[in-house]
Number of protein chains: 2
Amino acid sequence: MATMKDVARLAGVSIATVSASLSGASFVSPELKERVLAAIDELGFAPNAMASGLKSGKSALIGLILPDITNPFYTQFVHDVQRRAAAAGRTVILGVSDDDARSEAKLIRLMRSHRAAGTIILPSGSEGDCSKLAGYADDMPLVAVDNAPTGIGLDTVVMDNRLAAELATEHILSFGHQSAAIVAGPSHRFVSRERHYGFEATLERHGITPLTEHMRRGDFHVEEACKVGLELLGLANRPTAIFVSNNQMLIGVMQAVAVAGLSVPRDISIAAIDDFPWAVAFSPALTTVRQPIDAMAAAALGFLTDRIAGSTAEPQRIMLRPELVVRQSCAPPR
Amino acid sequence: MATMKDVARLAGVSIATVSASLSGASFVSPELKERVLAAIDELGFAPNAMASGLKSGKSALIGLILPDITNPFYTQFVHDVQRRAAAAGRTVILGVSDDDARSEAKLIRLMRSHRAAGTIILPSGSEGDCSKLAGYADDMPLVAVDNAPTGIGLDTVVMDNRLAAELATEHILSFGHQSAAIVAGPSHRFVSRERHYGFEATLERHGITPLTEHMRRGDFHVEEACKVGLELLGLANRPTAIFVSNNQMLIGVMQAVAVAGLSVPRDISIAAIDDFPWAVAFSPALTTVRQPIDAMAAAALGFLTDRIAGSTAEPQRIMLRPELVVRQSCAPPR
DNA sequence: TTCTCTTGACGAAACGTTTAGCTAATCGTT
DNA sequence: AACGATTAGCTAAACGTTTCGTCAAGAGAA
């Protein structure tokens, strides 16, 4: 592949001039610049980012580490981060942790190896796992998003998960339900504990003590939630409403509803955290709590930009507000 | 950040020995190797991929260029490519073209700049656009997937789109529908023309001449398909079945069905190309044609691996078979 | 005229690796 | 004992950029 040397020879200038023409760092006469550009075009020259990164110590790469791209919440986050990064002339490199805290450590090291200018991680682990993250990053800027507890020594961006659960639960109760069931997420995760807390606190505020058989736990994935949903729907004292803690488990619960031959919201009301494109395609369309995904992406990249620019401020935390998207999956109990 | 020099000093060996310990290229005594590893661990050393790539001329980066990550078909493709790439010690770097052929050219150049070992592109353009792609790639291996016409001078991986449309259409007709409507994709795209062709050919084989007002075209996106779906459902001679050409448009059509207050499959049967996780959560669950996404990812990476290894064979094409996933969204007409 | 400044371009060192070529030590043959 | 082979490790030269310091030519001042 053509190098600056080739370009320089063809344009009859020095390598330094080619570099200057491209970077615009120092002045080059219009005449020479034109010759250089013509040579670049003719040779199809593309500057070697490895060489330039090595010499300059700067990198256009942004690492993005998350548990699983196929979850629409993560998908949308990747989309937003990539769009904003590209607009800033940066390129996203992907690491998938598969919900495994140990591979997160490896992936951070991988990003370090590629000399990513900074990395955004969506941790999958417990608080203990998360607090080790900063140590792996060494001097690479690292910001934790979504499942990020406080006090882990990193800039963090989170949604107000308690509020999100409250919004959904209040909405359910506003239809006059005497109580509600929950399909919660794994208890070691910060986000699911927060959502669980928000749910319970809301019931409590309404003077409701939920039945223990209505408090179920999933693993944030489809199959388990479907099983749990079936159990819930098969109960003698079947709940009249269910709060589901994330989108994957909502798939499972909706599948359970279909299998049980029940109708939403006639037989059962449903509200979940995580909005997603398909929610409008259901009949009735599904009521969800929308996470401010793009704002989270923007905040994360903002932190990264500051750190890349050299900020040594104390780690900060941004908490963003969710938004209830009312559709038709909740109604008064029969 | 620590370099090999630091490691070498701490371990009391030369840089070359550190390099050898890591690469395993030449023999290093167990004793020294251990000292080196200990030093690496102590310093948290992560080898500089830019330096190593520059010197060796090899890269662990794989470029992946696609129109839009949020479409579940692409999402799953990213997932599968990334998983297989990671298993092979490679890292995926992302380029999103936003359905714009001009930005595809830029993104290919970007991947060249990063010295990606090879790049997979899912072109969004017309045949004319696609045939220019090979020129942009210069000497970087490039394979085109999905919307890839023949004869563009690149290794290509496609699904048999005609067959996919046939499968769905035959399934619809097997319930005794007299005809069917189609919501087709944009006509400049190879894939949508193929699907359209498969649909029409199947009707023809059954001696059916479709009504022109039942032949609609969307743009592979939600809103337009919803509008088109509403038109179709509002027709005096409303179709009894609709074939939808991709998953995004299926969202739109399902939304239209919900708005129109119709019931699937009682009032209307629906089958679409592209399976997706939510299909099972609908009641009734949606019948779709599944693309062999993981096999496509494997084939694309296979081509890339061969080219990276230096193969100069003629460009090849692999066409994979789709699979009909029968669920409950099709039934006999009323 | 001579000196200093400015301007536009260049030469060369350095970034952190890989790797070819070398050296010194060890070993088995003869 | 002397020889080449083999082995374990080292030295140093790249890779393709960026960037600092240099330089020649011309302008302005003394």
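β2(A) and strand β2 (residues 91-96) of chain B run antiparallel, joined by 3 bridges. In this pairing, L94(A) has V92(B) as its bridge partner in β2(B). Strands pair when DSSP finds at least two bridges between them. Helices (H or I, at least four residues) and strands (E, at least two) are DSSP runs, numbered from the N terminus.

This is a predicted model: local features need pLDDT of at least 70, side-chain atom pairs count only at pLDDT 80 or more, and totals for chains, interfaces and linings use all residues. Residues are numbered from 1 along each chain as its sequence is written, while chains are lettered from A and ligands numbered from 1 in the order in which they are written.

### The sheet across both chains

The β2 strands belong to an open sheet of 12 strands with mixed pairing. Its order is β11(A)-β5(A)-β4(A)-β3(A)-β1(A)-β2(A)-β2(B)-β1(B)-β3(B)-β4(B)-β5(B)-β11(B). At the edges stand β11 (317-320) of chain A and β11 (317-320) of chain B, each pairing on one side only. On average, neighbouring strands are turned by 20° against each other, direction ignored. Axes are lines fitted to C-alpha atoms, for helices over the stretch in contact; angles run from 0 to 180 degrees between N-to-C directions.

At the chain A end, strand β5 (residues 155-159) and β11(A) pair in the parallel sense over 4 bridges. There, M159(A) stands opposite L320(A). Helix α7 (residues 127-137) of chain A packs on this sheet. It touches β3 (118-121) and β4 (142-145) of chain A, and its direction makes about 160° with that of β4(A).

### Where the chains meet

In all, 44 residues of chain A are in contact with 44 residues of chain B. Contact means C-beta atoms, placed from the backbone, within 7 Å. On the chain A side, α4, α5 (72-87), β2 (91-96), α6 (101-113) and α11 (247-259) each supply at least two residues. α5(A) gives the most, with 7 residues. By class, this side has 25 nonpolar, 13 polar and 6 charged residues. Ala, Val, Leu, Ile, Met, Phe, Trp, Tyr, Cys and Pro count as nonpolar; Asp, Glu, Lys and Arg as charged; the others, Gly among them, as polar.

### Around DNA strand D

α2(A) has the largest share, 6 residues. The classes here are 16 nonpolar, 9 polar and 2 charged residues.

### A second sheet in chain A

Chain A also has an open sheet of 6 strands, β7-β6-β8-β9-β10-β12, with mixed pairing. β7 (215-217) and β12 (323-325) stand at its edges with a single partner strand each, so one side of each lacks a neighbour in the sheet. The twist averages 15° from one strand to the next. Strand β10 (residues 287-290) runs antiparallel to β12(A), with 3 bridges between them. T288(A) stands opposite V325(A).

Helix α8 (residues 161-173) of chain A lies across β8 (241-244), β9 (269-273), β10 and β12, running at about 170° to β9(A). α11(A) lies across β6 (181-184), β8 and β9 of chain A, at about 150° to β8(A).

### Buried positions in chain B

A residue is buried if 20 or more other C-beta atoms lie within 10 Å of its own, exposed if 12 or fewer, and partly exposed in between; C-beta atoms are placed from the backbone. In helix α7 (residues 127-137) of chain B, D129(B), C130(B), L133(B), Y136(B) and A137(B) are buried. They lie on the same side of α7(B), because they cover an arc of only 100° around the axis. The arc is taken from the directions from the helix axis to the C-beta atoms. What covers them includes α6 (101-113), β3 (118-121) and β4 (142-145) of chain B. The face turned away carries the exposed residues G128(B) and G135(B). After α7(B) comes D138(B), whose phi is positive, near 55°.

| Residue | Helix of chain B | Other C-beta atoms within 10 Å | C-alpha to C-alpha distance |
|---|---|---|---|
| R307(B) | α12 (293-308) | 20 | 9.6 Å to D155(B) |
| T169(B) | α8 (161-173) | 27 | 8.0 Å to A180(B) |

Leaving aside neighbours within four places in sequence, R307(B) is in contact with G118(B) and P141(B). On the same terms, T169(B) is in contact with A180(B), F199(B), T202(B), L203(B) and F243(B).

Methods
Contact = placed C-beta atoms within 7 Å.
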